[in-house]
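The following paragraphs lead the reader through one structure.

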Amino acid sequence: MSEDYRSMWEGLGLDLVAHDALLEVLGKGYQDIYLAQKDRPDGMGYFDFVISEVHGLRIKELLDEKAAGRKVIGSFCVFVPEEIVRAVDGTLVGLCTGADFAMDEVEKLLPRNTCSLIKSAFGFKLGKVCPYLESADMIVGENTCDGKKKSYETLKNLVPNLYVMDIPQMKSAEGRSLLKAEYLRFKESVEELTGITIDAARLKKGIEIVNNKRRAIHRLSSLRKADPAPISGLDALLANQVFFYDDPGRFTDSVNKICDELEKRIDKDEGVFPKGTPRLLLSGCPMAVPNWKFPWIIETSGAVIVGEESCVGERGTRNLTDDNWDTVEELMEAIVDRYFQVDCAIFTPNPDRLEHIVEMFEIYKADGVIHYGLQFCQPYLMESMPVEKALETKNIPTLRIDTDYSMEDVGQLKTRVEAFVELIK
Ligand code: BJ8
């Protein structure tokens, strides 16, 4: 990285020694997992570049936007409506993190039995290694699971610009009203932050930008129905991860370019794994950069991942926001409708998620489902048992995994995945 970046990181208050260590781990993980793959689409070169510059050029772009008067808003959840942020010319960045960092410090503030995702966000803050957190003008926490909800009470002391959004827990009329009230409050807050009043044209534009990103991802997902699979699950996951960081227009173009390439591969019956390779659907907790451990285990154990029922995946991107409306009120209703369909396990009951898993299993012609739960994630671990039972009654082979970000259980997980792959062959 150039010296320019070092002064930029210093200016953001990062701990340069710790940050160097983090970048080394990120680079090594990427090298060993991503660059070791064979027959990757050429278009993935763009995503390799994005990862190599995730703390460099992309941060510089965000700081340039800030210098031009635009705002950066960070979020930990797909319930934060990006459309509203785009409507004020702002940028929404995902702050969920996929690596353990400064755990000794974290465990002075959070119980040991907190999920890796929450601990990781705290670790990146306490370790002063996340330029996204440090450059955000507003950080949005949301009352989803108990772990996140309660941890924000502590995070507030570390991050003074934390805004907390309430999220319903039931898909009832009252639940929808709560979501609507919270989205209206969020809209007012970003208007206040930016000094921009959102009119219908701005909101439509915001919706269009985000829908276009989603459409590109839908196209990519659809191409994964082919056998042989034209792209690995690891690479498709990376595109879903970069969805949360990149400039939206550039991201949309880059994903569409890969899709053009994949269509040619499919025409020629070419793939990244041989035809007939066992196909798996991954379902459960989101995987943030650089949490590539489990998909890597699967794809080095004789199977290919053909879909992610996850917030970094189809749960997060599947529905578009209807922009066929003329007023801010109508467009806000459309935004509420779109997000109220997200079937996160924090909802009770949550039958839509099971239906979606079965639908994805069929659409992507999967041979089995692996339910991925992070240790201590009560919503997804609780839901994994009825999900497994329900899938088995439909004769869908299912494997339930719970793990964390450490590498200690890799051998054991690999043995279990290999046995599962043998079973479904
Ligand atoms: S909409 S999945 S992004 S809350 S893994 S922190 S649930 S204990 S991330 Fe999520 Fe929004 Fe739901 Fe999606 Fe809690 Fe579980 Fe940890 Fe989790």
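Which residues lie nearest the centre of the second largest pocket? In this predicted model, they are Val25, Gly29, Pro290, Tyr405 and Met407, which belong to a lining of 21 residues. The space inside this pocket comes to about 420 Å³. Two helices, helix 2 (16-33) and helix 14 (293-299), each contribute at least two residues to the lining. The most comes from helix 2, which supplies eight residues.

Rolling a probe the size of a water molecule over the atoms shows where empty space is left. Four cavities of 30 Å³ or more are counted in the model. The largest cavity holds about 180 Å³ of space. Its lining is made up of 16 residues, and the closest to the centre are His55, Thr97, Phe124, Tyr245 and Val289. Helix 2, which gives the most to the lining of the second largest pocket, also provides the largest share of the lining of the largest cavity, namely three residues. The lining of the largest cavity divides into 13 nonpolar and three polar residues, with no charged ones.

The second largest cavity has a volume of about 70 Å³. Among the residues that line it are Phe76, Cys96, Thr97, Leu117, Lys148 and Tyr152. Helix 7 (116-126) and helix 9 (146-158) are the elements that give two or more residues to this lining. Eight nonpolar residues, two polar residues and one charged residue make up the lining of the second largest cavity.

Attention now turns to the strands. Strand 1 (residues 72-75) directs Val72 and Gly74 one way and Ile73 and Ser75 the other way, and all of these residues are buried. Strand 1 pairs with strand 2 (residues 91-94) in the parallel sense over four bridges. Within strand 2, Thr91 is the bridge partner of Val72. Together with helix 5 (residues 82-87), strand 1 and strand 2 form a right-handed β-α-β unit. Strand 1 also pairs in the parallel sense with strand 3 (residues 138-143), over three bridges. There, Val140 of strand 3 stands opposite Ser75.

The ligand is considered next. It is surrounded by 16 residues, and the closest are Cys115, Cys145, Cys311, Cys344 and Cys377. The shell around the ligand contains 13 nonpolar residues, one polar residue and two charged residues.

Val312 is placed in the loop between strand 6 (304-309) and helix 15 (314-317). Why does Val312 count as buried? Val312 counts as buried because its relative accessibility is 8%, and the cut-off for this class is under 20%. Val312 and Cys285 are 27 residues apart in sequence, and their C-alpha atoms are 8.5 Å apart in space.

Terms used: Residues numbered from 1 in each chain as written. Predicted model: local features only at pLDDT ≥ 70, side-chain atom pairs only at ≥ 80, totals over all residues. Heavy atoms only, no water. Buried < 20%, exposed > 50% of the residue type's maximum accessible area, 1.4 Å probe, protein only. Pairing = 2+ DSSP bridges. Right-handed = clockwise from strand over helix to strand, strands pointing away. Near = heavy atom within 4 Å. Nonpolar A, V, L, I, M, F, W, Y, C, P; charged D, E, K, R; others polar. 1 Å grid on protein atoms, 1.4 Å probe; cavity = no way out; pocket = protein on both sides within 12 Å on 5 of 7 lines; lining within 4 Å. Points joined across faces, edges and corners; volume = space filled by probe spheres on them.
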